[in-house]
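Reader: I'm new to this. Can you walk me through what the words in a structure description are based on?

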Amino acid sequence: MPAGQFFIVGAQRSGTTKLAHLLDGHPRISMAKPYRPEPKVFLEPDAHTLSPRRYFDRCFPHQTLTEEGWLGEKSTSYYEHTLTAARIRSVFPRAHILFILREPVARALSNYHFSRSHGLETRTLSEVFLQGVPPPAPAFRVSVDPFDYLGRGTYLPHVQRFVSYFGRQRVHVLFLEQLIRDPAGTLSPLLDALEVEPLRSIDGSVVNATEKLEDRKIVAEIHQKFSAYFAPLNEALLNYLAVEPPGAWHY
């Protein structure tokens, strides 16, 4: 059996793919592939009945399991499905849970462009964020609401839910802004917690970016409107985590 298992659970459009790529570059860490579509094993109602071996055979069929190695799964839908924390804990009670978060207005805008680029979103930025036009019906089946741009940025309840199952020491919260600015320093506490050596080299390139064609005036209006909305929510999160606001989170 491996040294341990971890799960990158979210938040969507906050750098989860980048984080998975960086960790997969560590000699003692292997990520489940492909990154897309994500495995999403623990969205299945009977997932809690899996044995660790059955899970490993399914998600890491070509991986040699050693006592020195860590195995990771990235499935951002786990973030907002309320039963996934309990299901994961039933199979991996000592798993580590990884969040990477992003300033929530920027995350919401990225989420909008992601939904639009995948043929789900048909409204304009203004219609979504400034006019409140109702969303269209999803064009195909999805595991989470593709239009929950603001609700998905309310981070604290999701973090607390996983903490309630795994404990504060096994839930790690990173911030995209810090990962971009200082990837080695941002990953260092996490790698220490996993008891593995620091990464010798880190690729700072952007991963899984979405093309954006934005009206700067509208984007500025959206930031002005929703910065006030998110300010107390961010303050509650940062107080809970006992950390200083990362760069762009200063309003």
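**Helix packing and a pocket**

Author: Helix α1 (residues 16-24) packs with α8 at an angle of about 60 degrees, and their axes lie 12 Å apart. This is a predicted model: local features need pLDDT of at least 70, side-chain atom pairs count only at pLDDT 80 or more, and totals for chains, interfaces and linings use all residues. Residues are numbered from 1 along each chain as its sequence is written, and side-chain values use heavy atoms, with hydrogens and water left out.

Reader: Why is α1 called oblique to α8?

Author: Under 35 degrees counts as roughly parallel, over 145 as roughly antiparallel, 65 to 115 as roughly perpendicular, and the rest as oblique. The angle here is about 60 degrees, so α1 is oblique to α8.

Reader: Which residues make the contact between α1 and α8?

Author: Leu19, Leu22 and Leu23 of α1 meet Leu187, Leu190 and Leu191 of α8, where contact means heavy atoms within 4.5 Å. Leu counts as nonpolar, so the tally is six nonpolar, no polar and no charged residues.

Reader: What lines the second largest pocket?

Author: There are 16 lining residues, and His172, Val173, Leu174, Thr186 and Pro189 lie nearest the centre. Lining residues have an atom within 4 Å of a point on a 1 Å grid; a pocket is an open set of points where a 1.4 Å probe fits, with protein on both sides within 12 Å along at least five of seven lines.

Reader: Which element gives the largest share of that lining?

Author: Strand β5 does, with five residues.

How values were computed: Helices (H or I, at least four residues) and strands (E, at least two) are DSSP runs, numbered from the N terminus. Axes are lines fitted to C-alpha atoms, for helices over the stretch in contact, and angles run from 0 to 180 degrees between N-to-C directions.
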